[in-house]
Amino acid sequence: MIELILAVVAIVLSLLLAGISYIAYRKSHLRPALYLLIAFLLFAFKKTIDALSLGRWIDRDVGLITASLEVVVLLLLLVSFWKR
Amino acid sequence: MLMERRDEILGTIQHEPGITFRGLARRLGLGIGDLQYHLRKLERDGEVFSRRVGRRRYLFPKGLEDEAQRLLIAISTDTRRRILLRLIEGPADQKTLSEYLGVSQPTVSYHMGELVKLGIIEAERRGKSVVYRLSYDPGLVVRMIRDYRPGLLERLADGLIDLLAGVGGGDD
């Protein structure tokens, strides 16, 4: 149960960070802000899958999907902070 | 009586472009509903237009559409507002601004580039350094900055912009 609550908190926080990145992108048109927006949205998606799997709403193994999403999120974070 | 009131509203907006809805109501001692009624008429007649930023509604006379847009972009982040307020006091180079604001030089450089592109400030090369000066009506800039009230998310986004501009040099 606590794991599920933590997953929901993580989803809310990542959506909040996605919102902040969106405002930053709209104001500045800095491409890294767009990468961050996508990264936080993907992270929220990953946590949603995790939470659904935890609550047994998804029966199949989601390990490969969530692991792939983690890699994409980390790559996007890396690209965001890349010195151009 | 109604036309006199409307002329008074129009005159104030023409004299003080960028005044906020609430500022105008306070200045003329008008009720919100009353002012809304007159502004609707003036906007429909194309005499004035408004731009909403956050919780503030800025009012401009016709013909200033392009300027209003540029000014609202120029004051949209906290660092830019502080840069503009500093430049009202006098010209400054990037190093001075960086020290004054307590932000990195790449961050200042990014914002200066944006403000120059918008035509709000001018850059002038003096020896090895570039000196920036405000090329806009200081009264209008101060009025718009004074009434700007960013929300919490907007303030956090401003911090993110500074961070990203500082890391990446703001090439985008």
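Visitor: In the hairpin of β5(B) and β6(B), which residue takes a positive phi?

Guide: That's G127(B), with a phi near 65°. This hairpin has 2 residues between its strands. Keep in mind as we go that we're looking at a predicted model.

Visitor: Okay, and how do I read the strands on either side of that turn?

Guide: Start with the general idea: strands of a sheet pair through backbone hydrogen bonds, either parallel or antiparallel. Now the case here. Strand β5 of chain B covers residues 121-126, strand β6 of chain B covers residues 129-134, and the two run antiparallel.

Visitor: How many bridges join β5 to β6 in chain B?

Guide: There are 6. You can trace some of the pairs yourself: E122(B) stands opposite R133(B) in β6(B), and E124(B) has V131(B) as its bridge partner.

Visitor: How many bridges join β4(B) to β6(B)?

Guide: Here it's 2, and these strands run antiparallel. Look at V131(B) again: it is the bridge partner of D93(B) as well as of E124(B).

Visitor: Let's hop to chain A. How many helices and strands does it have?

Guide: You'll find 3 helices and 0 strands. Reading along the sequence gives α-α-α. The C-alpha trace spans about 40 × 20 × 15 Å along its principal axes, and buried residues make up 26% of the 84 residues.

Visitor: How do I describe two helices that sit against each other?

Guide: In general, two packed helices are described by the angle between their axes and the distance between the axes. In chain A, α1 and helix α2 (residues 31-54) pack at an angle of about 165°, with their axes 8 Å apart. That angle is over 145, so α1(A) counts as roughly antiparallel to α2(A).

Visitor: Which residue classes make up the contact of α1(A) with α2(A)?

Guide: By class, there are 21 nonpolar, 4 polar and 3 charged residues. As for handedness, α1(A) passes α2(A) in a left-handed crossing.

Visitor: Can we zoom in on one residue? Where does L6(A) lie?

Guide: L6(A) is in helix α1, residues 2-28 of chain A. It counts as partly exposed because 14 other C-beta atoms are within 10 Å.

Visitor: What share of chain A's contacts between residues at least 6 apart in sequence join residues at least 24 apart?

Guide: For those contacts, the share is 62%.

Note on methods:
Residues are numbered from 1 along each chain as its sequence is written. Chains are lettered from A and ligands numbered from 1 in the order in which they are written. This is a predicted model: local features need pLDDT of at least 70, side-chain atom pairs count only at pLDDT 80 or more; totals for chains, interfaces and linings use all residues. Helices (H or I, at least four residues) and strands (E, at least two) are DSSP runs, numbered from the N terminus. A residue is buried if 20 or more other C-beta atoms lie within 10 Å of its own, exposed if 12 or fewer, and partly exposed in between; C-beta atoms are placed from the backbone. Two strands pair if DSSP finds at least two bridges between them. Two residues are in contact if their C-beta atoms, placed from the backbone, lie within 7 Å. Axes are lines fitted to C-alpha atoms, for helices over the stretch in contact, and angles run from 0 to 180 degrees between N-to-C directions. Angles under 35 degrees count as roughly parallel, over 145 as roughly antiparallel, 65 to 115 as roughly perpendicular and the rest as oblique. A crossing is left-handed if the near helix is turned anticlockwise from the far one by less than a right angle, and right-handed if clockwise. Ala, Val, Leu, Ile, Met, Phe, Trp, Tyr, Cys and Pro count as nonpolar, Asp, Glu, Lys and Arg as charged, and the others, Gly among them, as polar.
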